[in-house]
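Keep the 3D view open and look up each residue as it comes along.

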Amino acid sequence: MYLKSQLSWNVIIPAENLDVEGLMLQKAIVIRLLDDFASKKASKNLGYFMALTTLERIGEGKVREHTGDVLFPVEFSCITFKIFRGEILEGVVDKILKHGVFLRCGPTDKVYLSHQKMADYKYVPGENPIFMNEKMSRIEKDTVVRFIVVGARYVEAEKEFQAVVSLEGDYLGPISQNAT
């Protein structure tokens, strides 16, 4: 789920942002690194980029010939979020359809729970549709559900993960109503 990663990236500082004072240059590098980190969103190997935790090292800058911009190699630590097959997680029901439920889990909002993977539950249509079992346990919008990940994939074009999950197993299912 959460991973601590060490990364090395190159940060480009435009020539007009260069200043003789070292602190202003360091501030410009950190701001640019934070901007790049936020815009990257996710990668297949590491998952979603959540937080930059430590700036380990700023290397020596190299001037780019044609532009005058300066490229700085930067090493840092960060926290990422990635869903793995077989992992047991919790998510919040976002949308209910006749054939299943979409949940949100951390930054992942495309977690699908098929009606076939929640055997005891039956679809109850209406203005606010729900899934309910014989023990009156309900899966409705904003319910927190504990599930096991059956499969996950990364969609490069959208820079996001999708997962298929199941309630087949011990202690899986709704754990609270109205998470919002």
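Predicted model: local features only at pLDDT ≥ 70, side-chain atom pairs only at ≥ 80, totals over all residues.

**Starting at tyrosine 154**

Tyrosine 154 sits in strand 12, which covers residues 144–155. Is tyrosine 154 buried or exposed? Its relative accessible area is 15%, so tyrosine 154 is buried.

Who does tyrosine 154 touch, if you skip residues up to four places away in sequence? The contacts are Ala42, Ser43, Lys44, Lys159, Glu160 and Phe161. Glycine 47 is another one to look up: 107 residues separate glycine 47 from tyrosine 154 along the chain, yet their C-alpha atoms are 8.5 Å apart.

**Rings that pair up**

How many aromatic pairs does the structure hold? There are 10 of them. Here are two you can find in the viewer:

| Ring pair | Distance between centres | Angle between planes | Kind of pair |
|---|---|---|---|
| Tryptophan 9 and phenylalanine 49 | 5.8 Å | 85° | edge-to-face |
| Phenylalanine 102 and tyrosine 112 | 5.1 Å | 50° | tilted |

The pair of tryptophan 9 and phenylalanine 49 links distant parts of the chain. Tryptophan 9 belongs to strand 1 (residues 2–13) and phenylalanine 49 to strand 3 (residues 47–58), 40 residues apart. Both of these residues are buried. Ring pairs also join Trp9 and Phe49 with Phe37 and Phe76 into a cluster.

For the other pair, phenylalanine 102 is in strand 7 (residues 100–105) and tyrosine 112 in strand 8 (residues 108–114), so this pair ties together parts that lie 10 residues apart in sequence. Phenylalanine 102 is partly exposed, with a relative accessible area of 26%. Tyrosine 112 is partly exposed too, at 23%.

**A hairpin and its neighbour**

Now for how the strands line up. Strands of a sheet pair through backbone hydrogen bonds, and they can do so in parallel or antiparallel fashion.

Strand 7 and strand 8 run antiparallel, joined by 5 bridges. Across this pairing, leucine 103 stands opposite valine 111 in strand 8. The two strands make a hairpin with 2 residues between them, and glycine 106 in the turn has a positive phi of about 60°.

Strand 8 has a link to strand 13 as well: these two run parallel, with 3 bridges between them. Here leucine 113 stands opposite valine 165 in strand 13.

In what order do the strands of the open sheet of 3 strands come? The order is 9-10-11, with antiparallel pairing. Strand 9 (122–124) and strand 11 (138–139) are the edge strands, since each pairs on one side only. Strand 10, residues 130–132, pairs with strand 11 over 2 bridges. Methionine 132 has arginine 138 in strand 11 as its bridge partner.

In soluble globular proteins, nonpolar side chains tend to be buried together. In this model, the largest nonpolar core has 24 residues, and Val101 and Ile139 have the most contacts inside it. The elements giving two or more residues to this core are strand 6 (88–97), strand 7, strand 8, strand 12 and strand 13 (160–166). Strand 12 supplies the largest share, 4 residues.

Leaving aside neighbours within four places in sequence, its contacts include Val93, Val101, Met118, Phe131, Leu167 and Pro174. There is also a second, separate core of 16 residues, and among its members are Ile13, Leu25, Phe49 and Cys78.

A disulfide is a covalent bond between the sulfur atoms of two cysteines. How many disulfides does this structure hold? The count is 0. Cysteine 78 is in no disulfide, and the nearest cysteine sulfur belongs to cysteine 105. Cysteine 78 has 0% relative accessibility, so it counts as buried. Cysteine 105, at 2%, counts as buried too.

Methods. Residues numbered from 1 in each chain as written. Heavy atoms only, no water. Disulfide = S-S within 2.5 Å. Buried < 20%, exposed > 50% of the residue type's maximum accessible area, 1.4 Å probe, protein only. Pairing = 2+ DSSP bridges. Phe/Tyr/Trp six-rings, centres within 6.5 Å; stacked < 30°, edge-to-face > 60°. Contact = heavy atoms within 4.5 Å. Core = buried A, V, L, I, M, F, W, Y, C linked by side-chain atoms within 4.5 Å.
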